Amino acid sequence: MSARLFITIGFALLTGCSFFGPKVALDSLTLDVAPKANDDTPIAVDFIAVNDPDLLKQLSGISAGQWFAGREQYQRDYRQLMSVWGLELVPGQFIDRQPFPLGGKKAAGLLVFASYNTPGAHRLRLDDQSDAWLKFDSREMTLVSKEN
């Protein structure tokens, strides 16, 4: 075996986690907001690609209200462990199959939080989705299956 090949294989083994670790599978996204959703007010939505399994577990246990209340602090404390993409949706808005900005990012999991005016978790995990359709109804966000 040549020295160059040996070095290449060794490098690949040492850095394998960064090359072959879990990544965000989601590459296209449809967002469908019902008319009059959220008492006819905009809905802030954050997608979080989380690199660390412990942080993913922590964030998977909080509500959207807790996320949005502590978002700035989470981003300061864990900026190396997560990537956040946020947007604001308005009632009646429909965004069809757009490329997902966090697609391909290194992540142990992908969460989405929606800032509804009503109590509830308003949180979903989208770990193994390559194409997702999120429906924002009057009081709740749901993942629409591909068969619907």
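Five residues of α5 are buried: Ala64, Trp67, Phe68, Gly70 and Tyr74. This is a predicted model. What lies over those buried residues includes the strands β2 (43-50), β3 (82-89) and β5 (109-114). Helix α4 (53-59) is also part of the cover.

Take the helix itself next. α5 covers residues 64-77, 14 residues in total. At 1.5 Å a residue, α5 should span 20 Å, and its end C-alpha atoms are 18 Å apart, so the two values agree. The helix also has a kink of about 65 degrees. The kink is centred on Gly70, which is one of the buried residues of α5.

Now the sheet. It is open and has four strands, in the order β3-β2-β5-β6. The pairing is antiparallel. β3 and β6 (123-125) stand at the edges. Each has a single partner strand, so one side of each is left without a neighbour in the sheet. On average, neighbouring strands of this sheet are turned by 15 degrees against each other, direction ignored. Strands of a sheet pair through backbone hydrogen bonds. Between β2 and β5, which run antiparallel, there are six bridges.

How do helix and sheet meet? α5 lies across β2, β3 and β5. Its direction is at about 60 degrees to β2.

Is Asp46 buried or exposed? Its relative accessibility is 2%, and buried means under 20%, so Asp46 counts as buried. Its side chain makes a polar contact of 2.8 Å with the side chain of Trp67. A second polar contact, of 2.9 Å, joins the side chains of Asp46 and Arg71. Trp67 is itself among the buried residues of α5. Leaving aside residues up to four places away in sequence, Asp46 touches Phe68 as well as Trp67 and Arg71. Val84, Trp85, Gly86 and Leu87 are also among the residues it touches.

Step back to the whole chain. The chain has five helices and eight strands. From the N terminus on, the elements run α-α-β-α-β-α-α-β-β-β-β-β-β. Of its 148 residues, 34% count as buried. Among contacts in the chain with a separation of 6 or more, 71% come from residues 24 or more positions apart.

Notes. Residues numbered from 1 in each chain as written. Predicted model: local features only at pLDDT ≥ 70, side-chain atom pairs only at ≥ 80, totals over all residues. Heavy atoms only, no water. Helix = DSSP H or I, 4+ residues; strand = E, 2+ residues; numbered from the N terminus. Expected span 1.5 Å × (residues − 1). Bend = angle between axes of the 7 residues up to and from the residue. Buried < 20%, exposed > 50% of the residue type's maximum accessible area, 1.4 Å probe, protein only. Contact = heavy atoms within 4.5 Å. Pairing = 2+ DSSP bridges. Axes fitted to C-alpha atoms, helices over the stretch in contact; angles between N-to-C directions. Polar contact = N/O pair within 3.5 Å; in protein donor to acceptor, adjacent residues only side chain to side chain.
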